[in-house]
Amino acid sequence: MAHGKTSYVCLPCRASYKQPYPGHYDHDRVCPRCAEPLIHVGSAFAAPKRRDTAAWRTLSVLLHAGVRFHKSCCGGPGYRPRTLSEVRERIAYARATGEPFAQALVRRDLP
């Protein structure tokens, strides 16, 4: 049986790659286009189209905040904002309440 694969992303190239899960002795993975390090985003990741710059900016904010797309016990990764306006709302909420950015970004509904 073949081992599962997971997604890696190169933000400068706006490219996503499926590769085997990282092993204990694996080295850092690099983009085949630009040789920059790839970011492990998880197996439940669906990449936006390369020309959708707003979606890639949203993804960049999520990844830099530490949010990933790993499967949970009940299926997918849970809620993730899809637009920059949703990200702005959650960041404003986090600043107002003192909640960590990563936690506010994955919150489905804001109070």
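**Close-up 1. R14 in the loop between β1 and β2.** R14 is found in the loop that links β1 to β2; these strands are DSSP runs of E with at least two residues, helices are runs of H or I with at least four, and both are numbered from the N terminus. This is a predicted model, in which local features need pLDDT of at least 70 and side-chain atom pairs count only at pLDDT 80 or more, while totals for chains, interfaces and linings use all residues. Residues are numbered from 1 along each chain as its sequence is written, and side-chain values use heavy atoms, leaving out hydrogens and water. Although R14 is not a glycine, its phi is positive, at about 55 degrees.

**Close-up 2. Strand β1 and its two partners.** Strand β1 covers residues 5–10, and 5 of its 6 residues are buried. With strand β2 (residues 15–20), β1 runs antiparallel, joined by 6 bridges; two strands pair if DSSP finds at least two bridges between them. Look for K5, which stands opposite P20 in β2. The two strands form a hairpin with 4 residues between them. β1 also pairs with strand β3 (residues 39–42), again in the antiparallel sense, over 3 bridges. Here S7 has G42 of β3 as its bridge partner.

**Close-up 3. A35 in the loop between β2 and β3.** You will find A35 in the loop between β2 and β3. A35 is a residue other than glycine, yet its phi is positive, near 65 degrees. With 55% relative accessibility, A35 counts as exposed.

**Close-up 4. The aromatic pair F45 and F69.** A search of the whole structure finds 1 aromatic pair. F45 and F69 form this edge-to-face pair, with 5.2 Å from centre to centre and 65 degrees between the planes (rings of Phe, Tyr and Trp, the last by its six-membered ring, pair if their centres lie within 6.5 Å; planes under 30 degrees apart are stacked, over 60 edge-to-face, and the rest tilted). F45 lies in the loop between β3 and α1 and F69 in the loop between α1 and α2, so the pair ties together parts 24 residues apart in sequence. F45 is buried at 8% relative accessibility, and F69 is buried at 9%.

Methods:
Buried means under 20% relative accessible area, exposed over 50%, partly exposed in between (1.4 Å probe, protein chains only).
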